[in-house]
Amino acid sequence: MNQLFKEHLVVAQNASGRNMNVPMYRFVGAKPGPKVYIQSSIHGAEVQGNVVIYQLVQWLKTLPICGEVLLVPNCNPVGTNIKAGEYTLGRFDPVNGTNWNRGYYYDDAFIRKFARSIEDEESVESIKSRFRLEMKQQLQTRLSETWGVGLAQHLNLKLQQLAFDADYVLDLHNGPVSTRHLYVPEYAKESASLFNIPHVIFMPNVFSGALDEATFCPWWLLADLVSNKRQKTVDFTVEAFTLEMGSQEVISFTEGEYDAKSILAYLTAKGCLPNSTIIPEKMSRKAVMLRHYKTLFTRQGGIVEYIVKPGEVVQKGEVLARVLNVDNLDTDEATTEILAPCDLVAILHFPSASVLSGTQLYKCFTEYFEL
């Protein structure tokens with residue numbers, strides 16, 4: 001049966017000098033297998049992932065695993081506690097203004113240098129083990145630097161040290177008002193259908209600071225370099241995903257159970273759960289390349305009625321939203337309709353009815369296709 005170890009990780013100190021701890025639940029199976037890392041709530045308002053992890057804990061107490069699963073709920077206690085009235089303002093480090101999910105580490109030159117050190121006869125497992133060790137040394141060096149490590153990046157580096165040990169990394173998020181969607185590296189397209197998530201965004205090998213990219217970009221580049229050197233495909237079997245599971249600032253235990261089973265279906269397919277019979281649901285899955293995941297900005301400010309709900313398919317010219325301008329209530333210009341500029345799927349929209357001009361109103365799939 002699995003062993004459960006509960007630990008705590010110090011990720012920051014508050015202004016009183018007291019440590020801020022993150023709980024970690026580590027399940028170790030009786031048989032060897034892959035390592036899994038799952039975290040939630042790097043953005044303070046995105047709380048549903050904590051319920052998903054709670055449901056996973058209940059399942060993993062009785063469901064045998066091969067390998068190890070590390071669960072880190074509420075991984076950003078600073079962001080969780082940044083409140084302004086009724087709202088959680090936990091998307092950015094309040095001291096330095098940094099997005100909490102943009103401070104992870106990636107060094108292209110380090111990876112290329114490591115690739116040159118690989119001998120022709122070195123095994124894939126040896127390469128993986130050595131790369132992990134050297135990568136974690138890089139992370140520790142970065143953490144120890146005198147200059148340039150702010151609060152958000154310090155937190156990110158601490159979490160990245162945990163995640164880089166894993167073969168499968170899942171970062172649980174929520175949108176403002178959102179439907180479920182999934183970010184998938186292009187090399188892992190076949191895994192997109194292993195989750196019960198109907199909207200999929202395929203990611204190129206480009207690093208922009210997020211945890212999934214900080215995981216898959218190094219392995220992706222290393223695999224390409226070694227494959228080219230050996231003139232055959234080398235697969236390090238490391239995957240990382242960002243799972244967006246609905247809207248922020250709300251939780252649902254029922255939805256959390258659904259998303260936990262979605263994750264368990266993925267882990268079953270990857271050989272982590274030998275006795276599990278949980279499989280992905282049959283559903284329509286729409287996908288898009290990242291370059292076709294578009295943001296629709298407002299051209300005018302006002303008070304908005306969101307006509308189209310997240311997940312709805314919209315045809316070009318249909319009404320997405322209606323804007324009320326209170327300075328013109330006595331004229332025909334009191335309301336303005338915002339029309340879909342092309343065929344699209346609405347994925348998420350701004351959470352407030354009051355918007356400034358230039359606000360990210362909707363994020364949409366364009367030029368999408370069925371998986």
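**Pockets, loops and salt bridges**

Guide: The largest pocket is lined by 42 residues, and those nearest its centre are Glu46, Arg91, Gly175, Pro176 and Gln248. This is a predicted model, in which local features need pLDDT of at least 70 and side-chain atom pairs count only at pLDDT 80 or more, while totals for chains, interfaces and linings use all residues. Residues are numbered from 1 along each chain as its sequence is written, and side-chain values use heavy atoms, with hydrogens and water left out.

Visitor: What counts as a pocket here?
Guide: On a 1 Å grid over the protein atoms alone, a pocket is an open set of points with protein on both sides within 12 Å along at least five of seven lines, whereas a cavity is a set where a 1.4 Å probe fits but cannot get out; lining residues have an atom within 4 Å of a point.

Visitor: How much space lies in the largest pocket?
Guide: About 1,200 Å³, where a volume is the space filled by probe spheres set on the grid points, which are joined across faces, edges and corners.

Visitor: Which element gives the most to its lining?
Guide: Strand 20 does, with four residues. Elements are DSSP runs numbered from the N terminus, helices being H or I of at least four residues and strands E of at least two.

Visitor: And by class, what has the lining of the largest pocket?
Guide: The lining has 16 nonpolar, 18 polar and eight charged residues. In this scheme Ala, Val, Leu, Ile, Met, Phe, Trp, Tyr, Cys and Pro are nonpolar, Asp, Glu, Lys and Arg are charged, and the others, Gly among them, are polar.

Visitor: OK, how much space lies in the second largest pocket?
Guide: The second largest pocket holds about 340 Å³ of space. Its lining is made of 18 residues, and Tyr187, Asp235, Phe236, Thr237 and Val238 are the closest to its centre. Helix 6 supplies the largest share of that lining, five residues, and by class the lining has nine nonpolar, four polar and five charged residues.

Visitor: Thr237 is on that list; what is its phi?
Guide: Threonine 237 has a positive phi of about 50 degrees, although it is not a glycine. Threonine 237 sits in the loop between helix 6 and strand 11, and its relative accessible area of 40% makes it partly exposed. The class boundaries are under 20% relative accessible area for buried, over 50% for exposed, and partly exposed in between, with a 1.4 Å probe and protein chains only.

Visitor: What about Glu249, what is its phi?
Guide: Glutamate 249 also is not a glycine, and its phi is positive at about 70 degrees. Glutamate 249 lies in the loop between strand 11 and helix 7 (253-269), and it counts as partly exposed because its relative accessibility is 31%.

Visitor: Switching topic, how many salt bridges does the structure hold?
Guide: The structure holds 16 salt bridges, each being a side-chain nitrogen of Lys or Arg within 4 Å of a carboxyl oxygen of Asp or Glu. One of them joins arginine 112 and aspartate 108, with the closest N and O atoms 2.6 Å apart.

Visitor: Where do arginine 112 and aspartate 108 lie?
Guide: Both are in helix 3 (residues 108-116), and because they are four residues apart there, about one helical turn separates them. Arginine 112 is partly exposed at 35% relative accessibility, and aspartate 108 is partly exposed at 30%.

Visitor: Which side chain meets lysine 128 in a salt bridge?
Guide: The side chain of aspartate 167 does, at 3.2 Å from N to O. This pair links distant parts of the chain, 39 residues apart, with aspartate 167 in the loop between helix 5 (151-163) and strand 7, and lysine 128 in helix 4 (residues 124-144). Aspartate 167 is buried, with a relative accessible area of 11%, and lysine 128 is buried, with 5%.

Visitor: Last one: which residues form the nonpolar patch on the surface?
Guide: Ile303, Leu324, Val326 and Leu329 form it, with about 340 Å² of accessible area together. Patches are made of residues with over 30% relative accessible area and no salt bridge, nonpolar side chains (Val, Leu, Ile, Met, Phe, Trp, Tyr) being joined within 5 Å and like charges within 9 Å, and accessible areas come from the Shrake-Rupley method with a 1.4 Å probe, where for residues only the protein chains shown count as cover. Leucine 324 is in strand 16 (residues 319-324) and is partly exposed, at 32% relative accessibility.
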